[in-house]
Amino acid sequence: MDIVLSGSGSALPEKNLTNDDLSRIVDTSDEWIKSRTGIVDRHICKEDEPLSLLALKSAQKALEMSGIKGSQLELIVAGTSSPDRNFPGCACDVQAGLGAEGAVCFDVSAACSGFIYAVHVAESMMRASGYKNALVIGADALSRHIDWTDRTTCVLFGDGAAAAVLVSGEFGGRGIIASSLGSDGSRGACLTCGSIGEDKKLYMDGSEVFKFAIRKVPENIQETINKSGLKKEDISLFVLHQANKRIIEMVAKKLGLSEERFPINLEYTGNTSGASIPILLDELIRAKRIKKGDNILLSGFGAGLTWGSLIFKY
Ligand code: ACO
């Protein structure tokens with residue numbers, strides 16, 4: 001049985017925050033942020049703008065592309081670590097907005113790897129229990145957890161949401177080919193964020209996260225390629241979590257691949273955590289940079305620590 005991606009959609013908040021805006025809030029500069037991260041601009045939810053509304057907008061676009069109606073959906077899985085509230089979850093809010101009465105809905109929390117984990121959960125449920133379709137969402141609004149006086153973190157993150165529709169059937173070998181996920185809770189302290197009081201603020205040891213990413217991500221990508229039976233050369237594009245341009249460049253270098261195969265949009269999104277991979281994926285599909293038959297690798301990494309990659313034939 002093949003499980004293919006039949007639609008995608010994304011949504012960014014209207015309000016944006018440039019590096020120059022940030023330099024008026026904390027002691028930083030456009031030059032510092034750009035050279036260390038590649039980020040120039042990011043979008044931030046207004047105080048009364050629910051993340052689930054962004055998720056719903058992205059879901060509507062993904063359903064429109066796939067031709068599936070909300071009422072036909074069987075499963076909705078949202079990868080998010082910053083839902084509007086602890087419960088009901090983001091997936092249930094989206095269900096209500098879509099009128100997807102027949103869907104089973106829940107959230108998966110795996111920070112910046114959230115979308116990859118959510119796709120893997122949905123795929124596994126489709127294979128094991130016969131769900132015929134699934135809406136998978138990646139959505140985060142870390143701006144609500146940022147300490148806006150801490151220049152080491154407030155310049156890095158943006159908000160956003162994106163969705164993908166998965167459909168099962170016989171599609172001539174297209175669809176998800178291989179995935180490989182991992183976690184290391186013993187190193188979780190280097191990137192944390194709670195839900196109440198002071199603990200609600202995001203804490204990050206940037207250099208520890210940087211070292212983790214440039215060591216683990218190439219390993220995990222190679223492992224996933226080996227599992228798939230493909231070669232590096234067979235992969236058209238590597239769609240990585242958009243945390244930092246330097247991390248992506250170093251991953252490409254370690255794999256001995258040209259940076260051109262590692263598309264980037266973080267200059268105008270910032271790090272949107274669990275939303276970053278599906279936002280970029282949707283942009284590439286709509287720009288026709290991803291074509292039928294292309295092998296695409298998605299790779300996420302972040303708090304937990306968690307990481308994971310998957311390869312699919314579009
Ligand atoms: N503006 C100006 N100066 C700054 C800023 C800022 N925004 N932030 C830090 N600095 C200063 C520091 O205080 C330090 O000054 P000092 O030397 O006087 O002490 C100097 O810049 C260098 O700081 P470093 O932390 O060494 O800077 P580095 O080059 O390591 O870059 C960064 C920091 C960008 C955070 C980097 O470590 C990084 O990208 N880490 C990975 C972070 C990441 O990707 N996190 C998310 C991944 S997981 C997820 O997505 C949830």
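Reader: How many residues of the shell around the ligand are nonpolar, polar and charged?

Author: Twelve are nonpolar, nine polar and two charged. Ala, Val, Leu, Ile, Met, Phe, Trp, Tyr, Cys and Pro count as nonpolar, Asp, Glu, Lys and Arg as charged, and the others, Gly among them, as polar. The model is predicted: local features need pLDDT of at least 70, side-chain atom pairs count only at pLDDT 80 or more, and totals for chains, interfaces and linings use all residues. Residues are numbered from 1 along each chain as its sequence is written.

Reader: Which residues come nearest to the ligand?

Author: Thr28, Cys112, Gly206, Ala243 and Gly302, out of 23 residues around the ligand. A residue is near a molecule or strand if its C-beta atom, placed from the backbone, lies within 6 Å of it.

Reader: Why is the ligand said to lie between domain 1 and domain 2?

Author: Domain 1 (2-169) and domain 2 (175-313) both give residues to the shell, so the ligand lies between them. The domain bounds come from an automatic or database domain assignment. The C-alpha centres of the two domains lie 15 Å apart.

Reader: Why are α3 and α4 called oblique?

Author: Helices here are DSSP runs (H or I, at least four residues; strands are E, at least two), numbered from the N terminus. Helix α3 (residues 51-66) and helix α4 (residues 90-98) pack at about 55 degrees, with axes 9 Å apart. Axes are lines fitted to C-alpha atoms, for helices over the stretch in contact, and angles run from 0 to 180 degrees between N-to-C directions. Angles under 35 degrees count as roughly parallel, over 145 as roughly antiparallel, 65 to 115 as roughly perpendicular and the rest as oblique. Therefore α3 and α4 are oblique to each other.
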